[in-house]
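Please read this briefing with the sequence and the 3D view at hand. The points are grouped by topic.

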Amino acid sequence: MDIVSTGRGRMAVLSASGRLNMVAAPQLKKAVDEAVAGGHPRIVVDLSAVDFIDSSGLGALIGGLKSARQASGDLRISGAGEQVRTVLGLTNLDRILKPYADIEEASHGW
Amino acid sequence: MAGDYVLDGFAVPDELDKLHALLTRAGEEHPDVSASDLMLFETAVTEVANNVIEHGVPTGGVHWTFTLDVDPGELQAVLRENGQAFTGDLHGAMPDDPLSESGRGLPLADTVLDELEYVRDGSDNVWRMVRRRTGGE
């Protein structure tokens with residue numbers, strides 16, 4: 001998995017690609033923690049190039065959400081494809097990780 | 001039985017790519033299998049494999065054989081591995097805490113499969129996964 005981080009003021013966009021699985025999950029959590037530590041606690045994780053997520057990937061998103069909130073920020077997701085949306089729904093995580101259509105929608109108000 | 005697919009190796013994270021590749025190939029060779037069924041089955045298989053990788057002892061030394069059959073009515077996979085016996089809850093619920101970072105793997109697999117079975121066979125664990133085909137998109 002590749003993760004590209006782009007800072008915009010207090011916000012950071014993390015663009016992930018590939019499979020967000022048990023191999024990639026620690027990379028994503030590390031990228032979120034680095035963005036938060038770098039003064040960007042408002043995180044958008046763009047999943048438009050992620051074609052598969054597993055429970056490890058979900059765990060990394062939840063961990064990142066908690067890290068961001070502890071720094072008075074938040075974590076939102078954008079561009080989730082069918083498999084990601086399905087898994088979010090099956091695990092009821094779409095209630096706390098609402099899938100936004102794109103980065104602009106996810107960062108609205110930030 | 002329309003087709004057999006076999007993967008043999010060690011239960012380590014890097015092997016997951018081979019598992020995905022095998023399921024992708026099965027889908028390409030069976031275009032009559034709906035994308036939705038294949039996607040959900042792949043999700044479940046990955047979670048069961050994750051569980052073996054994470055909890056199998058000795059870590060990195062568990063050998064597994066994965067077999068996939070694409071039948072007219074169902075997708076069936078068997079994962080046989082030689083780790084220690086599984087003592088967890090095969091049909092457990094999702095975590096009560098929505099902010100829990102773990103504990104969703106097997107419940108997710110159980111949700112999308114019609115059958116999820118585990119048996120201890122001698123010194124092996126045998127995980128059987130079945131999803132009946134829906135014929136959707």
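What follows goes through confidence, each chain in turn, and then the contact between the chains.

The model is predicted. The predictor gives the complex an ipTM of 0.93 and a pTM of 0.94. In chain A there are 4 helices and 5 strands, and 19 residues of chain B are in contact with 19 residues of chain A.

**Confidence**

- The average pLDDT of chain B is 94, and 96% of the residues of chain B score at least 70.

**Chain A: overall form**

- A box of roughly 30 × 25 × 20 Å, taken along the principal axes, is filled by the C-alpha atoms of chain A.
- The radius of gyration of chain A is 12 Å, which agrees with the value near 13 Å that a compact globule of 110 residues would have.

**Chain A: the sheet**

- The 5 strands of an open sheet in chain A stand in the order E1-E2-E3-E4-E5, and their pairing is mixed.
- Strand E1 (2–8) and strand E5 (99–100) of chain A are at the edges; each has a single partner strand, so one side of each is left without a neighbour in the sheet.
- Strand E2 (residues 11–20) and strand E3 (residues 42–53) of chain A run parallel and are joined by 9 bridges.
- Arg19(A) has Phe52(A) in E3(A) opposite it.
- Helix H3 (residues 82–90) of chain A lies across E3 and E5 of chain A, and its direction is at about 110° to E3(A).

**Chain B: the sheet**

- Chain B also has an open sheet of 5 strands; its order is E1-E2-E3-E5-E4 and its pairing is antiparallel.
- Strand E1 (4–10) and strand E4 (115–121) are the edge strands of this sheet in chain B, and each pairs on one side only.
- Strand E3 (residues 74–81) and strand E5 (residues 124–132) of chain B run antiparallel, with 8 bridges joining them.
- Opposite Glu81(B) stands Asn125(B) in E5(B).
- H1(B) lies across E1 and strand E2 (63–70) of chain B, running at about 175° to E1(B).

**Chain B: two helices that meet**

- Two packed helices are described by the angle between their axes and the distance between the axes.
- For helix H2 (residues 35–55) and helix H3 (residues 105–112) of chain B, the axes come within 8 Å and cross at roughly 145°.
- The crossing of H2(B) with H3(B) is left-handed.
- Among the residues of H2(B) in this contact are Leu40(B), Ala44(B) and Val48(B), while those of H3(B) include Leu106(B), Leu108(B) and Val112(B).
- By class, 7 nonpolar, 4 polar and 1 charged residues make up the contact of H2(B) with H3(B).

**Where the chains touch**

- The contact between the chains involves 19 residues of chain B and 19 residues of chain A.
- On the side of chain B that touches chain A, the elements giving two or more residues are helix H1 (16–29), H2 and H3 of chain B.
- H2(B) gives the most to that side of chain B, with 6 residues.
- The residues on the side of chain B that touches chain A are 9 nonpolar, 7 polar and 3 charged.

Note on methods
Residues numbered from 1 in each chain as written. Chains lettered and ligands numbered in written order. Predicted model: local features only at pLDDT ≥ 70, side-chain atom pairs only at ≥ 80, totals over all residues. Pairing = 2+ DSSP bridges. Contact = placed C-beta atoms within 7 Å. Axes fitted to C-alpha atoms, helices over the stretch in contact; angles between N-to-C directions. Left-handed = near helix turned anticlockwise from the far one by under 90°. Nonpolar A, V, L, I, M, F, W, Y, C, P; charged D, E, K, R; others polar. pLDDT = per-residue confidence, 0-100. Rg over C-alpha atoms; globule rule 2.2 N^0.38 Å.
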